[in-house]
Amino acid sequence: MGLEKLLPCTVTLSKILAKSGHDVLCVIDRAVPNELAEVFEEHRSYDKAFDSVVSCFKSNLGLPVIYAPVQELTDYDDVRCYQKAAAQSLQRAIKSGFKAPLLVVPNSKRFSQVELCTVLGALEELYVPIQLREEVPEKKKRISSLSVLINNPNAEKIMKDALVLESARRIARDIGGGDPERMAPPLVEAYIEPLFANLSVTVISDVDVLSNEYPLFEAVNRAANCVERHQGRIIFLEYKPPKPARKTVMLVGKGVTYDTGGADIKAGGVMAGMSRDKCGAAAVAGFMHVVSEQKPEDIHVIGALCMVRNSVGEECYVSDEIITSRAGVRVRIGNTDAEGRMCMADVLCRMKEMAIERDLPNAHIFTIATLTGHAFISAGEGQSIIVDNSVAAKEDHARKLQAAGQTYGEPFEVSVLRQCDFDFNAPKVLGEDVVQSNSAPSVRTPRGHQVPAAFLIKVTGLDKHGVDSKKPLKYTHLDIAGSAGEYPNMPTAAPIVALVKTHLID
Ligand SMILES: [Zn+2]
């Protein structure tokens with residue numbers, strides 16, 4: 001599919017501070033182009049709040065100006081301050097009724113990717129949710145066109161990069177933000193297929209295949225399977241590079257289209273917002289879109305979207321059931337609300353098998369999931385968490401991904417996996433190999449976001465591929481519960497940019 005269709009409006013690069021083609025100038029930096037210096041100084045001279053509030057005024061260029069200043073930066077602020085200001089400037093432009101803003105993109109000595117990040121911040125503000133686009137077509141676009149003025153010799157490259165990344169983020173926001181019916185698993189399949197015509201797409205929907213090959217996923221799917229439009233899907237997307245691959249990136253995303261908690265139902269008013277529990281799978285889809293656009297010449301990429309609804313009903317799985325995973329590990333269910341690890345585990349195991357059977361070069365497998373409330377309270381809103389296994393940790397992977405996240409406005413906290421995280425899931429009685437979860441919510445469980453990573457390693461047999469094994473395998477779990485974007489905020493599509501910058505570009 002053409003990029004234009006995935007963008008919020010016509011987006012063009014402007015070379016000069018031109019008057020024609022625009023109806024307003026959006027400025028976010030204190031340092032303004034010479035043409036605007038006088039009018040800015042004039043306002044500053046009588047308005048003490050000028051550099052701290054959003055304002056709209058007439059300029060000498062014959063165009064009105066919206067000034068949404070980047071806040072005064074401390075040592076601890078990051079590039080997201082520019083993204084926020086860019087979004088605020090467009091928000092105000094839309095509110096004022098302008099249709100064709102020209103955004104003046106600042107430079108920064110401190111933030112090397114400020115231009116790209118600022119453009120992304122602006123584009124993000126222009127996103128219109130898929131259901132509004134479909135149901136009220138006249139509201140498809142918030143403005144008719146956006147021009148950006150980038151004062152950098154690489155302006156064209158930056159712009160191209162921003163458009164590819166934003167189209168990927170839009171796909172992720174559509175899937176992640178769509179309501180539980182619009183983005184039910186079969187409709188995610190229908191949404192995905194036309195987008196990825198140049199990748200190989202394999203969809204697993206047959207219940208017998210799911211039961212035999214992905215039994216932990218099927219346990220979650222059991223209740224939802226009674227309603228045709230809610231039936232689960234595992235969607236594999238594969239990109240094979242034209243040259244022999246030097247590395248293989250394998251991504252598994254949690255796509256719980258609605259999480260009621262299952263039989264351990266989310267009671268007491270904590271269920272609303274649970275349609276965002278598919279943002280991990282949404283991020284995988286977005287990442288695959290960048291792959292399909294950039295077509296890396298020697299990187300092999302396989303993505304999997306684990307789309308399932310955690311429903312309640314007479315067929316739902318319950319605690320105390322013992323279910324054998326694809327890898328042959330006997331799992332005792334402890335809490336049906338710990339469905340995220342269930343729906344990803346056997347798909348992660350399948351990725352492990354592919355890496356081994358096909359001897360894929362330099363494979364690195366990921367799980368990406370809005371997995372635990374614990375991740376939200378420990379990293380705070382806006383931050384993702386990285387948990388590397390021993391093999392990935394040996395390469396210092398988490399620090400590299402964290403550095404990219406810092407540069408591109410998708411920050412991460414790094415967590416360390418420890419033996420106690422494995423011990424927590426240890427079997428208690430004869431007949432079980434691992435306990436899926438305790439019965440308390442993750443926020444009341446010590447190390448509540450590290451423990452599921454240990455579970456995923458154990459239940460898939462990845463524990464047999466440690467640093468001293470014959471076939472060490474790199475595995476990283478990303479918990480994005482803090483960063484995915486909670487209602488009433490839009491889904492953020494994190495951490496697509498950081499992953500692309502770490503794993504598709506060296
Ligand atoms: Zn849950």
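**Exercise 1. Determine the strand order of the open sheet and identify its edge strands.**

Solution. The open sheet has 8 strands in the order S7-S8-S10-S9-S13-S17-S14-S15, with mixed pairing. Strands are DSSP runs of E with at least two residues, helices are runs of H or I with at least four, and both are numbered from the N terminus; two strands pair if DSSP finds at least two bridges between them. Strands S7 (200-204) and S15 (412-416) each pair on one side only, and are thus the edges.

The model is predicted: local features need pLDDT of at least 70, side-chain atom pairs count only at pLDDT 80 or more, and totals for chains, interfaces and linings use all residues. Residues are numbered from 1 along each chain as its sequence is written, and side-chain values use heavy atoms, with hydrogens and water left out.

**Exercise 2. Describe how S7 joins S8.**

Solution. S7 and S8 (residues 233-239) run antiparallel and are joined by 5 bridges. Within S8, Leu237 is the bridge partner of Val201.

**Exercise 3. Classify the packing of H3 on H5.**

Solution. Step one: the axes of H3 (residues 114-125) and H5 (residues 155-177) lie 9 Å apart, at an angle of about 40°. Axes are lines fitted to C-alpha atoms, for helices over the stretch in contact, and angles run from 0 to 180 degrees between N-to-C directions.

Step two: H3 and H5 are therefore oblique to each other, since angles under 35 degrees count as roughly parallel, over 145 as roughly antiparallel, 65 to 115 as roughly perpendicular and the rest as oblique.

Step three: the contact (heavy atoms within 4.5 Å) includes Leu116 and Val119 of H3 and Ile158 and Leu165 of H5.
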